[in-house]
Amino acid sequence: MSLFGNDFFYNGVLRKHIIMFGNMFNDIYVKRYDSAGVEKQSIKVPIAYGPKEKFLVRLNADPSLSKEFAMSLPALSFEMTDISYDSTRTLNKTIRNTAIGADSDTLRSQFTPIPYNINISLYGMFDGNEDAIQVVEQIVPYFRPEWTHSMKLIPSMGEYYDIPTQLNDLSIEDAYEADFQTRRAIIYTFNFTVKGYLFGPVSNKGVIKRTVLDFTIPSANASMTTTDEGPQKKVIITPGLLANGSPTSNSSASVAANTISSNSNYGISIDSFDYFDGVERHNH
């Protein structure tokens, strides 16, 4: 058993938000030109998850790029810096989303998601300003200040959610130090907020196919404490489906309720029975 008495569950939603973010910047290029303005090189900027310090250490460990697997610039990296609850996007906590189960006779349900802001920093590392401003101009114009993705975060529930990603600010750092032998690294830091959601477990329960209501209608002379005076009424509600697959509200013409699947095009049958002898009846 996991926390709060629930069985273990893992929706992988936080990971999906991170992958979504990284994919936004997966096809960025920089181009190099000669003095005549003719393109001589096109470089796809690689992107990886991790803090900028990790990549700077790799860069500084081989400033001459003499090693076979040396890191090259330009490069992008990103990391999740923190998450925080967003009360402005709170949904009704008691509402459940529902979906038909895999066998059509179970119902999946899940409480509405909890809104969280996921703060992510994107680092651009460059050895020259021309590469840097090319990347900036391929990113910034799309955020005014948000870019929205539509994602099916819990596939088994079939619900799509709009996930805005907001660009908060951009800062620039020139890591050039010491003598001319030291390699230069210009670092652009883009700070984003992904307005995402986290989810609780998905419950699977059988579909209710027969509802029985018993109640008493007190007579005009009955006291407030009398429960057995006046007529009694029983109402039975079941799905209605003809043998040819057509919906019906006639329970006597319908196939057995337990043979009707939850995704059938059924009708609703409502049968009521009146009793005037004051005897409780729980079955019909």
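How many residues does helix α1 have, and how far does it reach from its first C-alpha to its last? Helix α1 covers residues 13–24, so twelve residues, and reaches 17 Å, close to the 16 Å expected at 1.5 Å a residue (the expected span is 1.5 Å times one less than the number of residues). This is a predicted model, so local features need pLDDT of at least 70 and side-chain atom pairs count only at pLDDT 80 or more, while totals for chains, interfaces and linings use all residues. Residues are numbered from 1 along each chain as its sequence is written, and side-chain values use heavy atoms, with hydrogens and water left out.

**The whole chain**
- You'll find three helices and 14 strands in the protein chain (DSSP runs numbered from the N terminus: helices are H or I with at least four residues, strands E with at least two).
- Of its 284 residues, 34% count as buried (under 20% relative accessible area with a 1.4 Å probe, protein chains only; exposed is over 50%, and partly exposed lies in between).
- Take the contacts with a separation of 6 or more: 65% of them come from residues 24 or more positions apart (contact means heavy atoms within 4.5 Å).
- The accessible surface comes to about 17200 Å², and 53% of that belongs to carbon and sulfur atoms (Shrake-Rupley method, 1.4 Å probe; for residues, only the protein chains shown count as cover).

**Around helix α1**
- The buried residues of α1 are Val13, His17, Ile18, Met20, Phe21 and Gly22.
- Those buried residues pack against several strands, including β4 (75–85), β7 (114–126) and β10 (186–198).

**Strand β7 and its partners**
- β7 is mostly covered, with eleven of its 13 residues buried.
- With β4, β7 pairs in the antiparallel sense over ten bridges (two strands pair if DSSP finds at least two bridges between them); here isoleucine 83 has isoleucine 118 in β7 as its bridge partner.
- With β10, β7 also pairs in the antiparallel sense, over 13 bridges; isoleucine 114 has leucine 198 in β10 as its bridge partner.

**The open sheet β12-β13-β14**
- Three strands make up this open sheet, in the order β12-β13-β14, with antiparallel pairing.
- β12 (211–216) and β14 (267–275) stand at the edges with a single partner strand each, so one side of each has no neighbour in the sheet.
- Neighbouring strands here are turned by 15° against each other on average, direction ignored (axes are lines fitted to C-alpha atoms, for helices over the stretch in contact, and angles run from 0 to 180 degrees between N-to-C directions).
- β13 (residues 232–240) and β14 pair over nine bridges in the antiparallel sense, and valine 235 has serine 272 in β14 as its bridge partner.
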